[in-house]
Amino acid sequence: CSSDLAVLTDPVFPGAITNIKAAMQLLWVFGSGAINTISNVQVSGGVTIFQNENLVAGAGSPWADSIQPMFRTMAFLGHSGVYTILGATPQKLSDALDGLFADVDGFDTGPAAVFTLTNVLVYAVLVQVAGLRRLLIYSRPAWALGHQGENLSWITSVVRTSGALECWGADDDGNVFQLFSAETGTFDVALRLFDFGAFSTRKTILRAAIEAEVTGAGGNPNLDVVFE
């Protein structure tokens, strides 16, 4: 590995190093098209030796900050989806979003965060969907699309002294704020019964139920349900 950590001398590791992460007793070396691990580092007589192992070939991430440890895995954004490394096996998490990824591109370095959202641990990465800045949010096995402002430019995890794991962000104007902290919001829900405009698909909803949890004092929340 060169002194500036730009290139790894491994024929299976194409291109430059995009990020290096220390997690799970390994040093993870990410490139755009491969992932290596460095382990068993020893120093003897002033000479450092280590084991350099190619873990994944043909998959990696050009978005350095999308790479985040989560439980015993490493999650990251690639050109064809969001992946995780489970042991030595890459697994695609975003199969359900394949139809969306034609319009998805990484934003800048692909900032991502792992945090709790409504007491559920999630992975979120900032991307551009059809040119609009959005968050892809994952918690097995579900995906959600988050919107926290058109000028959102950065997100990161913040651990409170209480142990709470939050997501904070910054916008193009330099404002810093906590994400998903507002008390109200507008949400769109698309069920699998949605026909996506296909004239050949006809569905009839016979029964529907909605459960909502409202916290905080004051006000009388109203819920309007419109079937289109």
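## Basis

The model is predicted: local features need pLDDT of at least 70, side-chain atom pairs count only at pLDDT 80 or more, and totals for chains, interfaces and linings use all residues. Residues are numbered from 1 along each chain as its sequence is written, and side-chain values use heavy atoms, with hydrogens and water left out.

Strands here are DSSP runs (E, at least two residues), numbered from the N terminus. Two strands pair if DSSP finds at least two bridges between them.

β2 and β3 (residues 34–44) run antiparallel and are joined by four bridges. A hairpin of two residues links β2 to β3. Phe 30 stands opposite Ile 35 in β3. β3 also runs antiparallel to β4 (residues 47–57), with nine bridges between them. Gln 42 has Ile 49 of β4 as its bridge partner. The hairpin of β3 and β4 has two residues between the strands, and Gly 45 there takes a positive phi near 60°.

## The β14-β15-β16 sheet

Three strands make an open sheet in the order β14-β15-β16, with antiparallel pairing. The edge strands are β14 (152–159) and β16 (176–178), each pairing on one side only. From one strand to the next, the twist averages 30°. Axes are lines fitted to C-alpha atoms, for helices over the stretch in contact, and angles run from 0 to 180 degrees between N-to-C directions.

Seven bridges join β14 to β15 (residues 165–171). Thr 156 has Trp 168 in β15 as its bridge partner.

## Backbone exceptions

Most residues other than glycine have a negative phi, and most peptide bonds are trans. Met 24 is not a glycine, yet has a positive phi of about 55°. Met 24 sits in the loop between β1 (17–23) and β2 (26–31). With 18% relative accessibility, Met 24 counts as buried. The cut-offs are under 20% relative accessible area for buried, over 50% for exposed and partly exposed in between (1.4 Å probe, protein chains only).

Thr 118, also not a glycine, has a positive phi of about 50°. This residue lies in the loop between β10 (112–117) and β11 (120–129). Thr 118 is exposed, at a relative accessible area of 70%. The peptide bond from Arg 140 to Pro 141 is cis, with omega near 0°. Pro 141 is in the loop between β12 and β13 (142–146).

## Largest nonpolar core

A nonpolar core is a set of buried Ala, Val, Leu, Ile, Met, Phe, Trp, Tyr and Cys residues joined through side-chain atoms within 4.5 Å. The largest has 18 residues, and Tyr 123 and Leu 136 touch the most other members. β6, β10, β11 and β12 each supply at least two residues of this core. β11 gives the largest share, four residues.

## Second largest pocket

A pocket is an open set of points on a 1 Å grid over the protein atoms alone, where a 1.4 Å probe fits, with protein on both sides within 12 Å along at least five of seven lines; lining residues have an atom within 4 Å of a point. The volume is the space filled by probe spheres set on the points.

The second largest pocket has a volume of about 340 Å³. Its lining has 13 residues, and Phe 71, Thr 73, Leu 93, Tyr 138 and Arg 140 lie nearest its centre. β6 (73–78), β7 (81–86) and β12 (132–139) are the elements that give two or more residues to the lining. The lining residues divide into seven nonpolar, four polar and two charged. Here Ala, Val, Leu, Ile, Met, Phe, Trp, Tyr, Cys and Pro count as nonpolar, Asp, Glu, Lys and Arg as charged, and the others, Gly among them, as polar.
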